[in-house]
Amino acid sequence: MNLKKTIALSLLFILLLGSIWNLISHPSAVCWFANSLCVLVTGLSVAVSERRGMDISFFTILVFALCVVSLAIAWGQWFVLGTGAAEAMIVPLGSACIWLFRPFSKKKLSGNS
């Protein structure tokens with residue numbers, strides 16, 4: 001595993017730990033569960049997206065759909081209901097940024113042209 005992929009997965013692990021910690025601390029806030037699910041799917045997508053036969057566009061749609069839903073839940077709980085926290089919106093935004101700037105595998109150059 002290369003260094004950039006390790007850094008991306010480490011950042012996602014930190015976001016996951018923060019989400020789980022806040023879910024345990026505030027079990028009535030659904031946004032932390034949605035954030036945990038968003039980070040888990042993003043981490044799995046980063047881990048398996050470089051394998052042969054994987055459809056990157058499917059993973060992109062999946063990750064961004066979960067990030068948008070998680071962001072909407074976090075914003076709604078914070079702004080509308082007043083039960084969530086403003087920092088809950090950082091997690092889906094961070095997950096989306098990590099997916100956008102994830103490390104890409106280098107194409108193997110063959111000697112045949």
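This is a predicted model: local features need pLDDT of at least 70, side-chain atom pairs count only at pLDDT 80 or more; totals for chains, interfaces and linings use all residues.
Trainee: Why is H2 called roughly antiparallel to H3?

Mentor: Look at the axes of H2 (residues 30-48) and H3 (residues 56-81): they cross at roughly 165°. Angles over 145 degrees count as roughly antiparallel, so H2 gets that label against H3. The two axes also come within 9 Å, and the crossing is left-handed.

Trainee: What makes up the contact of H2 with H3?

Mentor: On the H2 side you'll find residues including Val-30, Leu-37, Val-41 and Val-48. They belong to a set that meets H3 residues, among them Phe-59, Leu-62, Leu-66 and Ile-73. By class, the contact has 14 nonpolar, five polar and no charged residues.

Trainee: Why does Gly-76 count as buried?

Mentor: Gly-76, which is found in H3, has 17% relative accessibility. Buried means under 20%, so Gly-76 counts as buried.

Trainee: How far apart are Gly-76 and Thr-42 in sequence and in space?

Mentor: They're 34 residues apart in sequence, and 22 Å apart in space, going C-alpha to C-alpha. Thr-42 is one of the H2 residues in the contact with H3.

Trainee: Which residues of H4 are buried, and what covers them?

Mentor: H4 spans residues 90-100, and its buried residues are Val-91, Pro-92, Gly-94, Ser-95, Ala-96, Ile-98 and Trp-99. Their cover includes H1 (3-25), H2 and H3.

Notes: Residues are numbered from 1 along each chain as its sequence is written. Side-chain values use heavy atoms; hydrogens and water are left out. Axes are lines fitted to C-alpha atoms, for helices over the stretch in contact, and angles run from 0 to 180 degrees between N-to-C directions. Helices (H or I, at least four residues) and strands (E, at least two) are DSSP runs, numbered from the N terminus. Angles under 35 degrees count as roughly parallel, over 145 as roughly antiparallel, 65 to 115 as roughly perpendicular and the rest as oblique. A crossing is left-handed if the near helix is turned anticlockwise from the far one by less than a right angle, and right-handed if clockwise. Contact means heavy atoms within 4.5 Å. Ala, Val, Leu, Ile, Met, Phe, Trp, Tyr, Cys and Pro count as nonpolar, Asp, Glu, Lys and Arg as charged, and the others, Gly among them, as polar. Buried means under 20% relative accessible area, exposed over 50%, partly exposed in between (1.4 Å probe, protein chains only).
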